[in-house]
Amino acid sequence: MRTGATSVTEAIATRRSVRAYLSRPVPRREVEEILALASRTASNSNTQPWHVHVLTGRTKRRVAEAIWQDLDAGSGVAPEYPYQPDEWCEPLRGRRRRFGDRLYRTILGVAPGDHGGRRAHHRRNYDFFGAPVGLILTTDRRALAGGLVDAGAFLQAIMLLARERGLDSCPQASFLDFHPILRRHLRIPDHQMVVCGLAVGHADRDHRLDRLRTEREPLDSFTTFHD
Ligand SMILES: Cc1cc2nc3c(=O)[nH]c(=O)nc-3n(C[C@H](O)[C@H](O)[C@H](O)COP(=O)(O)O)c2cc1C
C-alpha cells in the first residue's frame, strides 16, 4: 500500500506527469473528495468557471475509440483556440526539444525520424495512458483568458490532492485536437471550452516510462527581486 504526500511541499516535489498506470481502480468517493476540495481554488471574483467530466469504464473506452478512429483516418481538427505556437522561440524551443529527446529517444528508444514510433506513443494519450480515471476539464469561454488561468490553478490543486492520496496524474492537452468528439460524447455546452484531459491513477512503477524525470531552470533565471 503506497502512502501519499503528507505536506504541500512533498506533494509538489513528488508530482510528475505519469504516463503508465496500473489498472487498480480509484474509488469514486476519492475523486469526489479531490474535486470538492479543489473547488476551493481561487478564481476571478469567485466565478469558478471550471467544469469537470469524470470518465471511467464504458464512456472512457468509447471516447478513446472515437478519437483513435479519427486519428487513424488523419481527420483530427485544430484546437478551438490557439493553444500553442507552430514555431517555438528560444528558450522555450530548447526546453521543449530536451524534454522530447528524453521522452522519445532515451526512455522509449524512438529515433527522431521515427514517426510511427512517435505516433504509437502519442496514441496512448487517448486512453489516458491506461489510468482508470480520466478527467476532461473545461472552462467557461465567456470568462476570457481569466477562465484559463482559473482552470490552470484548479488543475494544479487536483494534481496535488491526488498526490496526497498516493495517486498520480498527467495533464493532457492532446485532447484539444478532438474537442468535437468530447463535445458530442460528454454533451459539453457551447459556452464551455476544453482546457485539457487529466489521467488519474496509480503509477506503474515497473514501466520504462516511469523512469522519466524532468529538470527545472534555476530560481534566478525566472525570478527578479525588486527592492
Ligand atoms: C496543460 C498541460 C498539457 C499537457 N499535455 C500533455 C499531453 O498531452 N501529453 C503528455 O504526455 N504530457 C502532457 N503534459 C505534461 C508535460 O509534458 C509535463 O508537465 C512537463 O514535461 C513537465 O514534466 P512533469 O509534469 O513530469 O514535471 C501537459 C502538461 C500541461 C501543464
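Strand S4 is largely enclosed by the rest of the structure, because ten of its ten residues are buried. The model is a predicted one.

**Strands around S4**
- Strand S2, residues 133–140, runs antiparallel to S4, and eight bridges join the two.
- Within this pairing, Ile 136 stands opposite Gly 197 of S4.
- S3 is also antiparallel to S4, with five bridges between them.
- In that pairing, Cys 170 has Ala 199 of S4 opposite it.
- Strand S3, which spans residues 168–172, is itself mostly covered, with four of its five residues buried.

**Thr 138**
- Thr 138 belongs to strand S2.
- Thr 138 counts as buried because its relative accessibility is 0%, and the cut-off for burial is under 20%.
- The side chains of Thr 138 and Gln 192 form a polar contact at 2.5 Å.
- Apart from residues up to four places away in sequence, Thr 138 touches Pro 49, Trp 50, His 51, His 53, Ile 188, Gln 192, Met 193, Val 194 and Val 195.

**Nonpolar cores**
- The largest nonpolar core has 24 residues, and those that touch the most other members are Tyr 21, Ile 67, Phe 128, Ile 136, Phe 175, Leu 182 and Leu 186.
- Helix H3 (57–72), helix H7 (179–186) and strand S4 (192–201) are the elements that each give two or more residues to this core.
- A second, separate core is made up of 23 residues, among them Val 52, Ala 157, Met 159 and Ala 162.
- Phe 128, leaving aside neighbours within four places in sequence, is in contact with Tyr 21, Leu 55, Lys 60, Gly 134, Leu 135, Ile 136, Gln 172, Phe 175, Gly 197, Leu 198 and Ala 199.

**Ligand surroundings**
- There are 15 residues around the ligand, of which Ser 17, Arg 19, Ala 173, Ser 174 and Arg 216 come nearest.
- In the side chain of Arg 15, an N or O atom is 3.0 Å from an oxygen atom of the ligand.
- The side chain of Thr 214 likewise has an N or O atom 3.1 Å from a ligand oxygen atom.
- For Ala 173, a backbone N or O atom lies 2.8 Å from a nitrogen atom of the ligand.
- On its own, the ligand has 620 Å² of accessible area, and the protein covers 73% of this.

**Gly 57**
- Gly 57 is located in helix H3.
- With a relative accessible area of 42%, Gly 57 is partly exposed, because this value falls between the limits of 20% for buried and 50% for exposed.
- Gly 57 and Ser 221 are 164 residues apart along the chain, and their C-alpha atoms are separated by 44 Å.

Methods. Residues numbered from 1 in each chain as written. Predicted model: local features only at pLDDT ≥ 70, side-chain atom pairs only at ≥ 80, totals over all residues. Heavy atoms only, no water. Core = buried A, V, L, I, M, F, W, Y, C linked by side-chain atoms within 4.5 Å. Buried < 20%, exposed > 50% of the residue type's maximum accessible area, 1.4 Å probe, protein only. Contact = heavy atoms within 4.5 Å. Near = heavy atom within 4 Å. Polar contact = N/O pair within 3.5 Å; in protein donor to acceptor, adjacent residues only side chain to side chain. Areas by Shrake-Rupley, 256 points an atom, 1.4 Å probe, with all protein chains shown as cover. Pairing = 2+ DSSP bridges.
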